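Dear colleague,

Please find below the sequence and structure that I am handing over to you. My notes on what was found follow directly after them.

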Amino acid sequence: MSSVEDTQSLVGHLMELRDRLLRCLLSVLVVFLALVYFANDIYSYVASPLIDKLPQGATMIATDVATPFFTPIKLTLVVSVFIAVPMILYQIWAFVAPGLYKHERRLVMPLLFSSSLLFYAGVAFAYFVVFPLVFGFFTAIAPEGVEVSPDIASYLDFILALFMAFGFAFEIPVAIILLVWTGVVNPADLSKKRPYIVVAAFVAGMLLTPPDIISQTLLAIPMCLLFEVGLFFSRFYRPRGETDGEETSQS
């Protein structure tokens, strides 16, 4: 009887997981359908940091016949995923919430909200701060006689890599809090390892960004500052084992 109940429970979890994945996909699809008509406008807006830095008379180019159609569509799909992130995180939260204690649910919800906010902050930082500096640097160092005319598909791949790098880098406070909460590390140990973490931030900046000192530094410095933010707030989160033990003993 126990094995039958376990099987039914597993099937129920798998069906719930399927339903929540479908809701995530549906939310992305709804946003995409609402934005696809404005695909070219979205691309023009995202490309403006580079276009503003191009020499007078220079333009972006398309080196493939289908690129002018598919590149804005690809960008719109990615933007749809970005916009749907809160809904996706909510579905993840709703799936795991039944397995959490009451006090854990109170802790996880702020983390989900802050992770969405930090991801958007990282993307905005890349667009408004990093892009103008990086593209100004790249266009300024072009050799004499070389016309700067970037391909629209290559530009999209370049900025998406930067968006993802900065978006996930800004999740450092949430990652630190989760590590402390799960008992993997504690704030005192992290504080002692600060010099190594600073070095690791600059190494990550070198690996995740284009090979120029500007974007590397602009990624590493926020990572160091966000580490301090995460370290500060992690002191308010006690390891999960301790809180679980207290709740069990009280009950």
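This is a predicted model: local features need pLDDT of at least 70, side-chain atom pairs count only at pLDDT 80 or more; totals for chains, interfaces and linings use all residues.

Helix H9 (residues 194-208) and helix H10 cross in a right-handed manner; a crossing is called right-handed if the near helix is turned clockwise from the far one by less than a right angle, and left-handed if anticlockwise. Their axes come within 8 Å and cross at roughly 140°, where axes are lines fitted to C-alpha atoms over the stretch in contact and angles run from 0 to 180 degrees between N-to-C directions. Helices are DSSP runs (H or I, at least four residues), numbered from the N terminus.

Residues are numbered from 1 along each chain as its sequence is written, and side-chain values use heavy atoms, with hydrogens and water left out.

Helix H10 (residues 213-234) also packs against helix H7 (residues 172-181), at an angle of about 35° and with the axes 8 Å apart. H7 passes H10 in a right-handed crossing. The contact includes Ile172, Pro173 and Val180 of H7, together with Met223 and Phe233 of H10. Its residues divide into eleven nonpolar, two polar and no charged.

The chain has an average pLDDT (the predictor's confidence in each residue, from 0 to 100) of 81, and 86% of the residues score at least 70. Confidence is highest in helix H3 (residues 67-83), at a mean of 93, and lowest in helix H11 (residues 240-250), at 49.

The unreviewed UniProt entry places the feature "transmembrane region" at several spans, including residues 21-39 and 75-96; such annotations may be inferred rather than shown by experiment. Residues 21-39 are 84% helix and 0% strand, with end C-alpha atoms 25 Å apart.

Arg20 forms a salt bridge (a side-chain nitrogen of Lys or Arg within 4 Å of a carboxyl oxygen of Asp or Glu) with Glu16.

Yours sincerely

Conventions. Helices (H or I, at least four residues) and strands (E, at least two) are DSSP runs, numbered from the N terminus. Contact means heavy atoms within 4.5 Å. Ala, Val, Leu, Ile, Met, Phe, Trp, Tyr, Cys and Pro count as nonpolar, Asp, Glu, Lys and Arg as charged, and the others, Gly among them, as polar.
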